[in-house]
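I am keeping short notes on what I looked up in this structure. The sequence and the model come before the entries.

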Amino acid sequence: AVLGWVMVLRRRIRESEERFRHMAQHDHLTGLSTRLVLQDRLSIALEAAKRRRTGLALLMLDIDNFKSTNDTLGHQAGDEALRATAERIVQAVRKSDTVARIGGDEFVVLLPDLIDSQAAETIAAKLVATLSAPVSFAGRELAVRVSIGVCTALPGELDADLLLRNADAALYRAKAKGKGCYQVFIPGKA
């Protein structure tokens, strides 16, 4: 009988550990990877890019006027906009890409093994178009638009922190340009 209880307790501990690991690695609302997982995958992608002499790209996305949606229609509407946006991003990119929610209404897409830097812009344009479709919520249509910052890195220019900062700088340029668009990071351009 004691052996049976020990087996049951071990199984419950293992299940709890797996559940906690999943919670630490996945956003509870969208199911996307967390910043922690993104950093790990970015590190792995950088090492692979160095070995293979390929590039990679980061797309940083931010839902335009998200605070207004939350304030005027409530947090449930905001949550639905986040879930729909996450789902649409995942559907628009390759299975090998990593999609992470890194903050309230901010997402990052890691595009590893990039041979053509133009591909990142093509994906960004596709995401701007795909994510501009309204989201249905409680019989209403929520207008959703995103701004995207694109940062590509070729072999030899691969640094995780710098890539994230550059993608963020490009995102702010997209916001300043009028939102609902993407901007590519260009060194020396504010």
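Entry 1, a proline in a strand. I looked up Pro-112 and found it in strand β3; strands (E, at least two residues) and helices (H or I, at least four) are DSSP runs, numbered from the N terminus. This is a predicted model, in which local features need pLDDT of at least 70, side-chain atom pairs count only at pLDDT 80 or more, and totals for chains, interfaces and linings use all residues. Residues are numbered from 1 along each chain as its sequence is written, and side-chain values use heavy atoms, with hydrogens and water left out.

Is Pro-112 buried or exposed? Pro-112 counts as buried, at 13% relative accessibility. Buried means under 20% relative accessible area, exposed over 50%, and partly exposed in between (1.4 Å probe, protein chains only). Leaving aside neighbours within four places in sequence, I list Ala-45, Gly-55, Leu-56, Arg-94, Ser-96 and Asp-97 as the contacts of Pro-112; contact means heavy atoms within 4.5 Å. I also noted Leu-171, which is 59 residues from Pro-112 in sequence and 19 Å away in space, C-alpha to C-alpha.

Helix α5 (residues 118-131) has 14 residues and reaches 20 Å from its first C-alpha to its last, close to the 20 Å expected at 1.5 Å a residue. The expected span is 1.5 Å times one less than the number of residues. Which residues of α5 are buried? They are Ala-120, Ile-123, Ala-124, Leu-127, Val-128 and Leu-131. Seen down the axis of α5, these buried residues fall within an arc of 140°, so they line one face of the helix; the arc is that of the directions from the helix axis to the C-beta atoms. They pack against β1 (55-63), α4, β3 (106-114), β6 (146-153) and β7 (182-184).

Asn-166 lies in helix α6 (residues 160-176) and is buried, with a relative accessible area of 13%. Neighbours within four places in sequence aside, Asn-166 is in contact with Cys-151 and Phe-185. Asn-70 is in helix α3 and is also buried, with a relative accessible area of 16%. With neighbours within four places in sequence again left aside, Asn-70 is in contact with His-75 and Gly-78.
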